[in-house]
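Let's take a walk through this fold together, going from sheets to helices to side chains. Keep the viewer open and follow along as we go.

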Amino acid sequence: MKNYITIIGGGLAGTEAAYQIAKRGIKVKLYEMKPVKFSPAHSNQNLAEIVCSNSFKSNLLTNACGVLKEELRRLDSLLIKIADETSVPAGQALAVDREVFSEKVTKVIEENEYIEVIHEEITNVEEIAKEGIVIIATGPLTSEGLAKDIQKITTQDKLYFYDAAAPIISKESIDFHIAFYGDRYSQEKKKEESLEEWKKRIEEEREKQSYINLPMNQEEYENFVKELVNAEVVTLHDFEKREIFEGCMPIEIMAKRGLDTLRFGPLKPVGFDDPRTGKRPYAVVQLRQDDKQATMYNMVGFQTNLKYGEQKRVFSMIPGLQNAEFIKYGVMHRNTYINSTELLDETYNLKNNPNIYFAGQITGVEGYVESISSGMVAGINAVQKFNKIKKKEKEINKIPSIEMNKLNENDSPKVIFSENTVIGSLAKYISTPNSKFQPMNANFGILPELEGEKIKDKRKRYEKMAERSLGNF
């Protein structure tokens, strides 16, 4: 067997897996096709490029993703560590300066003496797996050539869903005669405050606020929705299935579900008062800081498939964005994931070829932190298998490469995380047979119920589940 582990894909899962393997003293060959070849959504040469939102979601331990991040911190996750180091203000969430984040990850990986980064597209996984261990972490935008090879390896059709990214706007182009800073509820006017006292407090707290808010009255909102639902979208290829993942629903699709749908979704005004009136607006668009310098903001919940010209026209109707400079328009692209519930075990290991692991969104875990988690689990278990095989080779001098795939599963000790942890519950979810399998974010719903008396208060119940999860570490 080769004296290194191969990783295909230099995204979040691939780089985390590479780090976990290298820190255990095993060499890694990390293949990343950029900059030789780019996917439709990628644009820079760095590893761990963040394509969609810059948010790693909540840090709160009453949120499953917050618990997952804490689990990963305790297991020395490289990417969560760098995310913490490159964070930008985002209230109770962890959001990063995406450029600085990917630059730092790239630097750490490239400077690691155990990791060799090779910029080349790989389409022959089965050949590589005959002589060594390989982790496929090519993400939801796997190249066509590799996707065909994966289809052959898994002997099953690929599955698709659509993912969409929100536009990013220059802060200096926002009209602050209309826009105001504030986190939800933090700037809501208190009953005992006069209008002047409230405005003064908001101004004093301005630099601490994470979001820029754009209030809309009823007429502005209804005109915006009318134009949004009738705007031109990018035409999808005929051969592509139109399966849209609810977690990344394009805003124009959401708006078609009813006039008030957006007001109960990403544009809900709850927790805000308009400084111009002291009253709750009819709807609120939120912008979240996207870089360390606070010069760029992304439109929260505005994933879209609108044509670029239509994005400029329709989104400029939002009060405060009439002169908006769009640094990056929203894009929509097809994502790919395998039918993991039939193909993988709880270590992300391919059942019909134990030398192959998968990691990242291609497995059906949805989200940045979830992808990092899968990369860590796959990386740790690839090390376990590598060490076991090397030990056998020493004992019997050499295992013929043709016999590598025939090693008994019990010969490779597996690290399986408890289903009471978020890491373990995600791994169990993607490896448990399910005829209605869909991509899954971290959530408390996939963890086992608490034993004993049921706790009705959701917050307290989640606190107990978080306590149980972290107790496993």
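Predicted model: local features only at pLDDT ≥ 70, side-chain atom pairs only at ≥ 80, totals over all residues.

Strand E7 (residues 134–136) and E16 run parallel, joined by three bridges.

E7 and E16 belong to an open sheet of five strands, ordered E6-E2-E1-E7-E16, with parallel pairing. At its edges sit strand E6 (115–118) and E16, each of which pairs on one side only. Ignoring direction, neighbouring strands here are turned by 20 degrees against each other on average.

Pro-35 is found in the loop between strand E2 (27–31) and strand E3 (55–58), and the peptide bond running from Lys-34 to Pro-35 is cis, with omega near 0 degrees.

While we're on backbone torsions, two residues other than glycine have positive phi. Asp-76 has phi near 60 degrees and sits in the loop between helix H2 (64–74) and helix H3 (78–85). For Tyr-348, phi is near 70 degrees, and its place is the loop between helix H11 (340–343) and strand E16 (356–358). Are these two buried or partly exposed? Asp-76 has a relative accessible area of 30%, so it counts as partly exposed. Tyr-348 comes out at 0%, so it is buried.

Next, the other sheet. Six strands make up an open sheet with antiparallel pairing, in the order E10-E11-E12-E13-E9-E14. E10 and strand E14 (326–328) are the edge strands, and each pairs on one side only. Inside the sheet, strand E11 (residues 211–216) pairs with strand E12 (residues 283–289) over six bridges, in the antiparallel sense.

Ser-173 is worth a stop here. You'll find Ser-173 in the loop between strand E9 (168–170) and strand E10 (180–181). Its relative accessible area is 14%, and since the cut-off for buried is under 20%, Ser-173 is buried. The side chain of Ser-173 reaches the backbone oxygen of Ser-170 at 2.7 Å. Leaving out residues up to four places away in sequence, Ser-173 touches Gly-320, Asn-323, Ala-324 and Glu-325.

On to the aromatics: searching the whole structure turns up 10 aromatic pairs. One of them is Phe-302 with Phe-315, where the ring centres are 5.2 Å apart and the planes lie at 80 degrees, so this is an edge-to-face pair. The two residues are 13 apart in the chain: Phe-302 is in the loop between strand E13 (296–299) and helix H10 (308–315), while Phe-315 is in helix H10. Phe-302 is buried at 0% relative accessible area, and Phe-315 also counts as buried, at 0%.

Tyr-308 and Tyr-329 show another geometry: they are stacked, 5.0 Å centre to centre with 15 degrees between the planes. What does this pair tie together? Tyr-308 belongs to helix H10 and Tyr-329 to the loop between E14 and strand E15 (331–337), so the pair connects parts that are 21 residues apart in sequence. Tyr-308 is partly exposed, with a relative accessible area of 45%, and Tyr-329 is partly exposed too, at 23%.

There's also a ring cluster to look up, in which ring pairs link Phe-56, Phe-101 and Tyr-368. For a charge over a ring, go to Arg-263, which lies over the face of Tyr-282 at 3.9 Å from the ring centre.

Last stop: helix H1 (residues 12–22), which is mostly covered, with 11 of its 11 residues buried. Among those buried residues are Glu-16, Tyr-19 and Gln-20, along with Leu-12 and Ile-21.

Key. Residues numbered from 1 in each chain as written. Heavy atoms only, no water. Buried < 20%, exposed > 50% of the residue type's maximum accessible area, 1.4 Å probe, protein only. Helix = DSSP H or I, 4+ residues; strand = E, 2+ residues; numbered from the N terminus. Polar contact = N/O pair within 3.5 Å; in protein donor to acceptor, adjacent residues only side chain to side chain. Contact = heavy atoms within 4.5 Å. Pairing = 2+ DSSP bridges. Phe/Tyr/Trp six-rings, centres within 6.5 Å; stacked < 30°, edge-to-face > 60°. Lys NZ or Arg CZ within 6 Å of the ring centre and 35° of its normal. Axes fitted to C-alpha atoms, helices over the stretch in contact; angles between N-to-C directions.
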